[in-house]
Amino acid sequence: TILIDQANNPKQNLEGVTTGTHSLTHTSSNPEKRAELKRVEEAQFRELAVLLKAMKETGEPGSTLLDRTMVLYGSNFGDANQHTCFNQPILFAGGGFKHGQHLAFNESNPVPLCNLYVSALQRLGLDVAKFGSSTATVPGLEMA
């Protein structure tokens with residue numbers, strides 16, 4: 001198991017990483033720190049892949065645990081160095097949605113992340129049309 005600390009703690013047990021993850025996300029102009037951040041993010045995705053694979057291999061009546069679970073992974077910032085809160089990198093898995101695609105939206109008129117929450121809540125059977133700053137559901141996100 002790898003400790004991937006999101007705080008400002010440099011005591012991660014990840015080879016080649018000496019700085020806390022939070023600090024690394026704010027050092028985009030430093031190539032050495034960007035390389036450290038890349039190591040952290042690659043480790044995070046390896047761990048996420050292990051989780052998703054295990055969920056996919058866990059049987060549930062008529063489906064898998066992954067089919068019955070929505071997994072949201074990402075960042076609250078599109079650019080952490082600038083603290084921009086649009087065009088966030090989000091990975092959404094499971095929940096009976098069609099996956100294996102990359103949905104990208106107009107950067108000058110971004111789709112609010114809250115639209116994804118509306119899509120998820122509706123998938124759960126809730127009669128919800130709005131959540132926070134949502135404007136609709138996520139275009140292109142379809143049921144499997």
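Which elements are included in what covers the buried residues of helix 2? The points below take up this question and related features of the model.

1. The structure is a predicted model. Its chain has a mean pLDDT of 86, with 92% of the residues at 70 or more. Among the elements of the chain, the lowest mean pLDDT, 82, belongs to helix 1 (residues 21-24), and the highest, 96, to helix 3 (residues 114-123).

2. Cover of helix 2. The buried residues of this helix are E36, L37, V40, A43, Q44, L48, L52 and M55. In reply to the opening question, what covers them includes helix 1, strand 2 (63-64), strand 3 and strand 4.

3. Geometry and N-terminal end of helix 2. The helix comprises 27 residues, and the distance from its first C-alpha to its last is 39 Å, close to the 39 Å expected at 1.5 Å a residue. Its N-terminal end is capped by N30, which places a side-chain oxygen 2.9 Å from the backbone nitrogen of E32.

4. Salt bridge K38 to E42. There are four salt bridges in the structure. In one of them, the side chains of K38 and E42 meet with an N to O distance of 3.9 Å. The two residues are separated by about one helical turn because they stand four residues apart in helix 2 (residues 31-57). In general, an α-helix has 3.6 residues a turn, so residues three or four places apart point the same way. With a relative accessible area of 38%, E42 is partly exposed.

5. Salt bridge K53 to E57. A salt bridge also joins the side chains of K53 and E57, at 2.9 Å from N to O. Both residues belong to helix 2 and lie four residues apart, about one turn of the helix. E57 counts as exposed because its relative accessibility, 58%, is over the 50% cut-off.

6. Salt bridge E60 to R68. In this pair, the closest N and O atoms are 3.9 Å apart. E60 has a relative accessible area of 30% and is therefore partly exposed, since this value falls between the cut-offs of 20% and 50%.

7. Position of Q82. This residue is found in the loop that runs between strand 3 (70-74) and strand 4 (90-94). Is Q82 buried or exposed? Q82 is exposed, its relative accessible area being 54%. Q82 and S28 are 54 residues apart along the chain, and their C-alpha atoms are separated by 9.6 Å.

How values were computed
Residues are numbered from 1 along each chain as its sequence is written. This is a predicted model: local features need pLDDT of at least 70, side-chain atom pairs count only at pLDDT 80 or more; totals for chains, interfaces and linings use all residues. Side-chain values use heavy atoms; hydrogens and water are left out. Buried means under 20% relative accessible area, exposed over 50%, partly exposed in between (1.4 Å probe, protein chains only). pLDDT is the predictor's confidence in each residue, from 0 to 100. The expected span of a helix is 1.5 Å times one less than its number of residues. Contact means heavy atoms within 4.5 Å. A polar contact is a pair of N or O atoms within 3.5 Å; within protein, one must be able to donate a hydrogen and the other to accept it, and residues adjacent in sequence count only if both atoms are side-chain atoms.
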